[in-house]
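Please keep the model open beside the text as you read.

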Amino acid sequence: FFNVEGMIRALDIYQGRPLINYVSGERWALARVLPMLKRHPVPVVVQPVGDMGIPLTAAARMEIVLRVADALEPVGIDPQDIYVDGLTPALGMLPCPLEVSVETIAAAKEAGFRTILWPANAGLGYPDGEIAAATYAAMAVRAGLDLAVVAPTDRVLRAAIANANIILRKE
């Protein structure tokens, strides 16, 4: 993201359909990435971070997401190709509680977007962090999580997500 010219070169030769991480709501950053996305309209991860930083409520985060989606539409990015990142701070480390991240996932799904998280971040530096991350991931699945970025060796987190999907009868 921060090297747009490098991303353009990569997209020019890439044969598949990548997922670009990340497009934020910061006006300077959005202005830099829009020309690239016009040339290569590929799916994107939208992080609800605005010019003032990370909002403290899901509603404020969704205002940013909707503004970014409006900016992406004219360059050819379909709302179904927008993955909203609920943002996952380490448990108790930021003024944004993980509950707001789960609420952001639910609000994004309700608005018709896809969703993504990095759930292991929730447990960083926390006693029983692995269990905290797994609990958080299961809650996010319940809220409508579509994609989770998980290390293939993280058995507990992978099992929590798989079991939440089974319990909720999700694919």
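Helix 3 and helix 4 are oblique to each other, because they pack at an angle of about 45 degrees; angles under 35 degrees count as roughly parallel, over 145 as roughly antiparallel, 65 to 115 as roughly perpendicular and the rest as oblique. Axes here are lines fitted to C-alpha atoms, for helices over the stretch in contact, and angles run from 0 to 180 degrees between N-to-C directions. Helices (H or I, at least four residues) and strands (E, at least two) are DSSP runs, numbered from the N terminus.

Before going further, please note that this is a predicted model, in which local features need pLDDT of at least 70 and side-chain atom pairs count only at pLDDT 80 or more, while totals for chains, interfaces and linings use all residues. Residues are numbered from 1 along each chain as its sequence is written, and side-chain values use heavy atoms, with hydrogens and water left out.

The crossing of helix 3 and helix 4 is right-handed (left-handed if the near helix is turned anticlockwise from the far one by less than a right angle, right-handed if clockwise). On the helix 3 side, A58, R61 and M62 take part, and they meet V100, S101, E103, T104, A107 and A108 of helix 4. Contact means heavy atoms within 4.5 Å. Sorted by class, this contact has five nonpolar, two polar and two charged residues. Ala, Val, Leu, Ile, Met, Phe, Trp, Tyr, Cys and Pro count as nonpolar, Asp, Glu, Lys and Arg as charged, and the others, Gly among them, as polar.

Two other helix pairs can be described in the same way. Helix 1 (residues 4-13) and helix 2 have axes 10 Å apart and an angle of about 10 degrees, so these two are roughly parallel. From helix 1, V4, E5, M7, I8, L11 and D12 make the contact, and from helix 2, R32, M36 and R39 do. Here the residues divide into five nonpolar, no polar and four charged.

Helix 5 (residues 129-143) and helix 6 (residues 155-167) pack at about 25 degrees, with axes 9 Å apart, and they too are roughly parallel. Their crossing is right-handed. In helix 5 the residues E130, A133, A134, A137, A138 and V141 meet V156, L157, A160, I161, A164 and N165 in helix 6. The classes are 10 nonpolar, one polar and one charged.

Now for some single residues. Which of them are buried, and which are exposed? The table gives the relative accessible area of several; buried means under 20%, exposed over 50%, and partly exposed in between (1.4 Å probe, protein chains only).

| Residue | Relative accessible area | State |
|---|---|---|
| S101 | 1% | buried |
| V141 | 2% | buried |
| V42 | 10% | buried |
| T88 | 12% | buried |
| D128 | 58% | exposed |
| R169 | 78% | exposed |

S101 sits in helix 4, and its side chain reaches the backbone oxygen of G86 at 3.3 Å. Not counting residues up to four places away in sequence, S101 touches R61, G86, L87, T88, P89 and Y136.

T88 belongs to the loop between strand 3 (82-85) and helix 4. What does the side chain of T88 make a polar contact with? The partner is the side chain of Y136, at 2.8 Å; a polar contact is a pair of N or O atoms within 3.5 Å, where, within protein, one must be able to donate a hydrogen and the other to accept it, and residues adjacent in sequence count only if both atoms are side-chain atoms. Beyond four places in sequence, T88 touches several residues, including L98, S101, L117, W118 and Y136.

V141 is in helix 5. Its contacts, again leaving out residues up to four places away in sequence, are I161, A164, N165, L168 and K170. V42 lies in the loop between helix 2 (27-39) and strand 2 (44-47), and with neighbours within four places set aside, V42 is in contact with P18, I20, L37 and I77.

Finally, the backbone. N21 and Y22 are joined by a cis peptide bond, with omega about 10 degrees, and Y22 is found in strand 1 (residues 20-24). D128, in the loop between strand 4 (114-117) and helix 5, has a positive phi of about 60 degrees although it is not a glycine. R169, in the segment after helix 6, is not a glycine either, and its phi is positive, near 55 degrees.
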